[in-house]
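Hi everyone, thanks for coming.

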Amino acid sequence: MARPGILIVLSGPSGTGKGTICKELLNNYPNINYSISATTRSPRAGEVNGVNYWFVSQAEFQEMIKNDALLEWAEVYGNYYGTPRRYVEELLANGKDIVLEIDTQGAMQVKNKFPEGVFIYIVPPSIDELATRINKRGSETPESIKRRLGSVRYELSSAYDYHYVVINDRVSEATAKIEAIISAEKSRVGRNADRIAAISKNGSID
Ligand code: ADP
Ligand code: 5GP
């Protein structure tokens, strides 16, 4: 019996390691799919269109909003980011799991539409370590680093709107925790009511 797909949302302050964890999660868990966001920000060195993001112009982004092609969108640090709707809806309808790595504004829009989604907030072990990671990544201007670090405490307060919090101290441990969360979520009674009913009715879940 095909199981409905699970929608997983990962958020957390910039530089906390969401992208790194997502990569590891996708390596370990080939059945999980990644939603590629559209953004008006410029690609960083090494980022590839259609792999990390769909890099679009302001006009293209506005067109996507107008055509209701985005499941959610938000302005983050002066750029626009959004989740293309069709890919997410198609995968879920086909019983596939999908992970969205998006900011808290977008996550709350998704939570309104998919309250059965699994919302995970990733935090760094400390703000000093977060600053080290953003600096080490070397992708931001000093101005952008200041902006990202300046909003960390405010951003952390939004963790209470999520279902789980995972501390990204070591990538392997944080990823293992997320895998455990997904596994537990798949066993929720609410996601298995049809199986219980099938055993009751037919003597078997098949
Ligand atoms: P985000 O996607 O949350 O903005 P990234 O995944 O780009 O963050 O990670 C930011 C930087 O921190 C990268 O250079 C990455 O290699 C590093 N990093 C991520 N997780 C860890 C960790 N657990 N320990 C040390 N460095 C990490
Ligand atoms: P970055 O520029 O570092 O890749 O991402 C900046 C922020 O934008 C991160 O908090 C990231 O989670 C968020 N983000 C990435 N894609 C999306 C998206 O599709 N929608 C929303 N709302 N936020 C996104």
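I'll talk about the surroundings of the two ligands, one after the other. Please keep in mind that this is a predicted model.

Let's start with ligand 1. There are 16 residues around ligand 1, and Gly15, Lys18, Thr20, Arg137 and Asp169 are the ones that come nearest. Which parts of the fold supply at least two residues each to this shell? Helix 1, residues 18–28, and helix 5, residues 127–137, both do. Helix 5 gives the largest share, four residues. Sorted by class, the shell holds seven charged, seven polar and two nonpolar residues.

Now for the backbone. A polar backbone atom of Gly15 is 2.8 Å from an oxygen atom of ligand 1, and a backbone N or O atom of Thr16 lies 3.3 Å from an oxygen atom of the ligand. At Asp169, a polar backbone atom is 2.8 Å from a nitrogen atom of ligand 1. On its own the ligand exposes 570 Å², and the protein buries 78% of that.

On to ligand 2. Here, too, we have 16 residues around the ligand, with Ser37, Arg41, Tyr53, Tyr81 and Asp103 coming nearest. Strand 5 (70–76) and strand 6 (79–84) each bring at least two residues to the shell.

Look at the side chains next. Arg41 has a polar side-chain atom 2.6 Å from an oxygen atom of ligand 2, while Asp103 places one 2.7 Å from a nitrogen atom of ligand 2. How much of ligand 2 does the protein cover? The answer is 96% of the 510 Å² of accessible area that ligand 2 has on its own.

Note on methods: Residues are numbered from 1 along each chain as its sequence is written. Chains are lettered from A and ligands numbered from 1 in the order in which they are written. This is a predicted model: local features need pLDDT of at least 70, side-chain atom pairs count only at pLDDT 80 or more; totals for chains, interfaces and linings use all residues. Side-chain values use heavy atoms; hydrogens and water are left out. A residue is near a molecule or strand if one of its heavy atoms lies within 4 Å of it. A polar contact is a pair of N or O atoms within 3.5 Å; within protein, one must be able to donate a hydrogen and the other to accept it, and residues adjacent in sequence count only if both atoms are side-chain atoms. Accessible areas come from the Shrake-Rupley method with a 1.4 Å probe; for residues, only the protein chains shown count as cover. Ala, Val, Leu, Ile, Met, Phe, Trp, Tyr, Cys and Pro count as nonpolar, Asp, Glu, Lys and Arg as charged, and the others, Gly among them, as polar.
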